[in-house]
Amino acid sequence: MISRTPEILIIDSELSEIQKVESFLKDKFAECDLPAKYFNKVLLCVSEAVVNAIKHGNKSNFHKKVSISVWCTDKEVQIQVEDEGEGFDIVNVEDPTIKENIRKESGRGIYIIKKLTDTLEYNKKGNKVKFKLICSEPH
């Protein structure tokens, strides 16, 4: 069962803050006794969501914050990343795998998160993403 109260980390909209996110996740993995082999996958998804929140959501405005909430058990982790930006419409995000977008440097974060997570949802405004990763072997 997932804990009802998430652990929350609030960071400034600066890319250097990603180090705090990594430490926060390491602590949660240890606390919930999650298998270490899933850590990099979770960290990649969370990092992509946080970078998107900083760059695109908050437009790197250091006065704005990014909130990372984590709920976990010994089998799964749920993450929510929220920024203070105006949001976006997921429908308008271009597919980074089609020919005309393949060489673009940006636009891969959402695709990566979508491919690696077990569930993914955005709020209507588009400034909050929530996803879940199963961190156990199927029986």
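Modeller: Asp 33 is exposed, with a relative accessible area of 61%; exposed means over 50%, buried under 20% and partly exposed in between, using a 1.4 Å probe and protein chains only. The model is predicted, so local features need pLDDT of at least 70 and side-chain atom pairs count only at pLDDT 80 or more, while totals for chains, interfaces and linings use all residues. Residues are numbered from 1 along each chain as its sequence is written, and side-chain values use heavy atoms, without hydrogens and water.

Biologist: Where is Asp 33 found, and what is its phi?

Modeller: Asp 33 belongs to the loop between H1 and H2. Its phi is near 55 degrees, a positive value in a residue other than glycine. Most residues other than glycine have a negative phi.

Biologist: Which other residue has a positive phi of about 55 degrees although it is not a glycine?

Modeller: Ser 60 has such a phi. Ser 60 sits in the loop between H2 and S2 and is partly exposed, at 43% relative accessible area.

Biologist: Let us step back. How many helices and strands does the protein chain have?

Modeller: The protein chain has 3 helices and 5 strands; helices (H or I, at least four residues) and strands (E, at least two) are DSSP runs, numbered from the N terminus. Their order from the N terminus is β-α-α-β-β-α-β-β. Of the 139 residues in the protein chain, 37% are buried.

Biologist: What does the accessible surface come to?

Modeller: The accessible surface of the protein chain is about 8600 Å², and 50% of it belongs to carbon and sulfur atoms. Such areas come from the Shrake-Rupley method with a 1.4 Å probe, and for residues only the protein chains shown count as cover.

Biologist: On to the helices. At what angle do H1 and H2 pack?

Modeller: H1 (residues 18-32) and H2 (residues 39-57) pack at about 145 degrees, and their axes are 10 Å apart. Axes are lines fitted to C-alpha atoms, for helices over the stretch in contact, and angles run from 0 to 180 degrees between N-to-C directions. The crossing of H1 past H2 is right-handed; a crossing is left-handed if the near helix is turned anticlockwise from the far one by less than a right angle, and right-handed if clockwise.

Biologist: Which residues make the contact between H1 and H2?

Modeller: H1 contributes Ile 18, Val 21, Glu 22, Leu 25, Lys 26 and Phe 29, while H2 contributes Phe 39, Val 42, Leu 43, Val 46, Ser 47, Val 50 and Val 51. These divide into 10 nonpolar, 1 polar and 2 charged residues. Contact means heavy atoms within 4.5 Å. Ala, Val, Leu, Ile, Met, Phe, Trp, Tyr, Cys and Pro count as nonpolar, Asp, Glu, Lys and Arg as charged, and the others, Gly among them, as polar.

Biologist: And how do H2 and H3 cross?

Modeller: The axes of H2 and H3 (residues 109-116) come within 9 Å and cross at roughly 150 degrees. H2 passes H3 in a left-handed crossing. Lys 41, Leu 44, Cys 45, Glu 48, Ala 49 and Asn 52 of H2 meet Gly 109, Ile 110, Ile 112, Ile 113 and Leu 116 of H3. By class, this contact has 7 nonpolar, 2 polar and 2 charged residues.

Biologist: What about Ile 79: buried or exposed?

Modeller: Ile 79, in strand S3, is buried at 0% relative accessible area. Beyond residues up to four places away in sequence, Ile 79 touches several residues, among them Leu 25, Val 42, Val 46, Ile 68 and Trp 71. Lys 130 is 51 residues from Ile 79 in sequence, yet their C-alpha atoms are 5.6 Å apart.

Biologist: Where does Ile 68 lie?

Modeller: Ile 68 lies in strand S2 and counts as buried because its relative accessibility is 0%.
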